[in-house]
Amino acid sequence: MTSAAPALFASDLDRTLIYSAAALGLTGPDREAPRLLCVEVYESRPLSYLTETAAALLTEVAADTVFVPTTTRTREQYGRIRLPGPPARYAVCANGGHLLVDGKSDPEWHARVRRRLAECAPLDEVRARLRATADPSWLLKERVAEELFAYLVVDRDRLPDTWAKELADWAAPRGWTVSVQGRKVYAVPRPLTKSAAVAEIARRTGSERIWAAGDSLLDADLLDAAGHGWRPGHGELADSGWEAPHIVALPERGAAAGERILAEARARAAAGGA
C-alpha cells in the first residue's frame, strides 16, 4: 500500500538539475546540441540552464510530487533561480540552515539549527584557518554564507591536490565537513544538513516516500536518508565511487544527467513507486 500523500522529491540544484555553461557537458556537433532554457541571471548575464527537455520533465514531476529544491545556496542566491512551473511551496537553502515556506524562512527551524551548531567549533575559527592556509596564487574569493558556513572560490588548476584533504583532516575533529564542488571549497558544520530540513518538510506534508538527487559530499546525508534516489556520473560522489543500495548511480554526466534524473522521477511518480 502506498502513502496517500504524494512522494517528496528533494533535489540538489547546481550540477544536479541546473548547470552553468561550463558544466553542461555538451558533446557532439553543435547542430545536435539540446535547446536550453536559462533559469538564472546574475549581474545581467545568463548563468544557469536546464535543457528544454528537462524543463518539461520538471514541470510534470513538480505536479505529481512535493518537489523541494534543496541547495547549499544562500537565500539570496536561490532567489535568482526561476525554475519552470509554479514556485515550490517548500525549499531548503544554506545546506539546511533555512527552511523556506512560500519563500520565507521558518524562524523556529532556523533557531533550532543555530542551537545545534553550538556543538561545533565557531565559524570564526574555521574562517581563520581558511585564510591562514589559502594561497593568494589560487584563492579568488573568500565568503561567508548566512553566517552559517564559509567557502572559498579557487582556481582549481592551481589548487594543490593535498590542500582540501589537509583542511578536512583539521576540520573533522572540530565538527566540520569540507566539500570541493567545481571552483568552490565549502567548510560546513556537520549538524548543518539537508536531510534534517527535508525530514521536517516530510513531517509537515505527511509524505512517507522520500526521493532525492545530488552530486556532492554535502548531498550524501540527503541521499542516505531517502528511500530512493539518483546521483549523476559526475561530481564528488561519483569521483569518490560513493554508492548506496537504494541510490541509482547514473552513467550520464552534465545536463544529460539532469534529464535522466527527472525522467526517472517522472516515471516513478506515474507508477506510484515507493
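Trainee: Where does Arg89 lie?

Mentor: Helices (H or I, at least four residues) and strands (E, at least two) are DSSP runs, numbered from the N terminus. Arg89 lies in the loop between helix 2 and strand 6 (90-93). This is a predicted model, in which local features need pLDDT of at least 70 and side-chain atom pairs count only at pLDDT 80 or more, while totals for chains, interfaces and linings use all residues. Residues are numbered from 1 along each chain as its sequence is written, and side-chain values use heavy atoms, with hydrogens and water left out.

Trainee: Is Arg89 buried, partly exposed or exposed, and which residues does Arg89 touch?

Mentor: Buried means under 20% relative accessible area, exposed over 50%, and partly exposed in between (1.4 Å probe, protein chains only). Arg89 counts as partly exposed because its relative accessibility is 45%. A contact means heavy atoms within 4.5 Å. Not counting residues up to four places away in sequence, Arg89 touches Leu100, Val101 and Asp102. The C-alpha atoms of Arg89 and Val68 are separated by 7.8 Å, and these residues are 21 apart along the chain.

Trainee: Where is the place of Asp102, and what is its phi?

Mentor: Asp102 is in the loop between strand 7 (98-101) and strand 8 (104-105). Its phi is near 50°, a positive value in a residue other than glycine. Glu147 also has a positive phi, near 55°, and is likewise a residue other than glycine. Glu147 is found in the loop between strand 9 and strand 10, and it counts as exposed because its relative accessibility is 54%.

Trainee: How should I read the largest pocket, and what is its volume?

Mentor: On a 1 Å grid over the protein atoms alone, a pocket is an open set of points with protein on both sides within 12 Å along at least five of seven lines, whereas a cavity is a set where a 1.4 Å probe fits but cannot get out; lining residues have an atom within 4 Å of a point. Grid points are joined across faces, edges and corners, and a volume is the space filled by probe spheres set on the points. The largest pocket has a volume of about 1200 Å³. Its lining has 34 residues, of which Asp14, Leu47, Arg73, Arg183 and Lys184 lie nearest its centre. The elements that give two or more residues to this lining include strand 3 (36-42), helix 2 (75-79) and strand 12 (184-189). Strand 9 gives the most, with five residues.

Trainee: How do the residues of that lining divide by class?

Mentor: Ala, Val, Leu, Ile, Met, Phe, Trp, Tyr, Cys and Pro count as nonpolar, Asp, Glu, Lys and Arg as charged, and the others, Gly among them, as polar. The lining of the largest pocket divides into 14 nonpolar, eight polar and twelve charged residues.

Trainee: How many cavities of 30 Å³ or more does a search of the whole structure find?

Mentor: The search finds one. About 30 Å³ of space lies in the largest cavity. Among the residues that line it are Leu17, Tyr49, Ala255 and Glu259. Strand 4 (45-51) and helix 9 (255-270) each supply at least two residues of this lining.

Trainee: How many helices and strands are there in the protein chain?

Mentor: The protein chain has nine helices and 15 strands. Buried residues make up 50% of its 274 residues.
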